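I opened this notebook to record what I looked up in one model. The entries follow the order in which I checked things.

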Amino acid sequence: MKIELVKLPYATNALEPVIAKQTIEFHHGKHLQAYVNNLNNLLPGTKFENADLVTIVKNSDGAIFNNAGQVLNHELYFTQFSPTGGGRPSGKLAAAIIMYFGSFENFQKEFEAAGVGLFGSGWAWLASDEDGKLSIIKESNAGNPVTKGLKPLLGFDVWEHAYYLDFQNRRADHLKELWKIVDWKAVESRY
Ligand code: MN
């Protein structure tokens, strides 16, 4: 199965000023494209040749895990933003956030703290178990909550390539800005 580069559901400049066009062009067109190319080179002849991405991420290690994890992570990442995003979730996700984190504001605070507190490269995830229980999961490098049997709902990328052109070392400022472009309808559809 050939792994394809996920199409952006918006123009490369559409998320400005939160994420600059140049950052999207490098992040999607260069970094993610490289993970896709690597994975397409690694898979032929392995038992994962015809597997879907989640199956590969759950069952692989080494270079296949790293590249498949990053392809999965970025497919979730790039499809969770919208130039008309921001605001708050609604419906059952909104209710669950209040149940498990006390308030939407407290969830945001804890989620940002998870991203800021991650040493080195990785991801902060909002994840759900099969009963709908929510948790914030910190994953280093290419990690994804699917390896813990959880469903990823929202992921903030804290690799420097995600923010360095726009925010340099100010990871916390970048994470705070990301709320303005979160497409909660897309996130809710994963729950
Ligand atoms: Mn990235």
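**Lys-148 and its partner.** I began with Lys-148, which at 49% relative accessibility counts as partly exposed, where buried means under 20% relative accessible area, exposed over 50% and partly exposed in between, with a 1.4 Å probe and protein chains only. Its side chain meets that of Glu-139 in a salt bridge, 2.5 Å from N to O; I took a salt bridge as a side-chain nitrogen of Lys or Arg within 4 Å of a carboxyl oxygen of Asp or Glu. Glu-139, by contrast, counts as buried at 9% relative accessibility.

**Ground rules.** I note that this is a predicted model, in which local features need pLDDT of at least 70 and side-chain atom pairs count only at pLDDT 80 or more, while totals for chains, interfaces and linings use all residues. Residues are numbered from 1 along each chain as its sequence is written, and side-chain values use heavy atoms, with hydrogens and water left out.

**Other salt bridges.** My search of the whole structure found seven salt bridges. One of them joins the side chains of Glu-105 and Arg-88 at 2.2 Å, N to O, and this pair links distant parts of the chain, since Glu-105 lies in helix α5 and Arg-88 in the loop between α3 (62–78) and α4 (91–101), 17 residues apart. Glu-105 counts as partly exposed at 41% relative accessibility. I also listed the salt bridge between the side chains of Glu-177 and Lys-180, at 2.9 Å from N to O; Glu-177 is partly exposed at 23%, and Lys-180 is partly exposed at 48%.

**Manganese site.** Which protein atoms are the donors of the manganese ion? I found His-27 (NE2), His-74 (NE2), Asp-157 (OD) and His-161 (NE2), lying 1.9 to 2.2 Å from the ion. Donors here are N, O and S atoms within 2.8 Å of the metal (3.2 Å for Na, K and Ca), and because water is not among the atoms, sites may look incomplete. Along the chain the donors follow the spacing H-x46-H-x82-D-x3-H. His-27 in helix α1 (residues 21–42) and His-161 in the loop between β3 (151–157) and α6 (164–167) are 134 residues apart, so that this pair links distant parts of the chain. I checked their burial too: His-27 counts as buried at 2% relative accessibility, and His-161 is buried with a relative accessible area of 16%.

**Helix α7.** In helix α7 (residues 171–178) I found Arg-171, His-174, Leu-175 and Leu-178 buried. They cover an arc of only 95° around the axis, which puts them on the same side of α7; the arc is that of the directions from the helix axis to the C-beta atoms. The buried residues of α7 pack against α5 (104–117), β3 and α6, with contact meaning heavy atoms within 4.5 Å.

**Whole protein.** I counted eight helices and three strands, taken as DSSP runs numbered from the N terminus (helices H or I, at least four residues; strands E, at least two). The radius of gyration is 16 Å, close to the 16 Å that the globule rule gives for 191 residues, so the protein is as compact as a globular protein of that length; the radius is taken over C-alpha atoms, and the rule is 2.2 Å times the number of residues to the power 0.38. Of the 191 residues, 50% count as buried.
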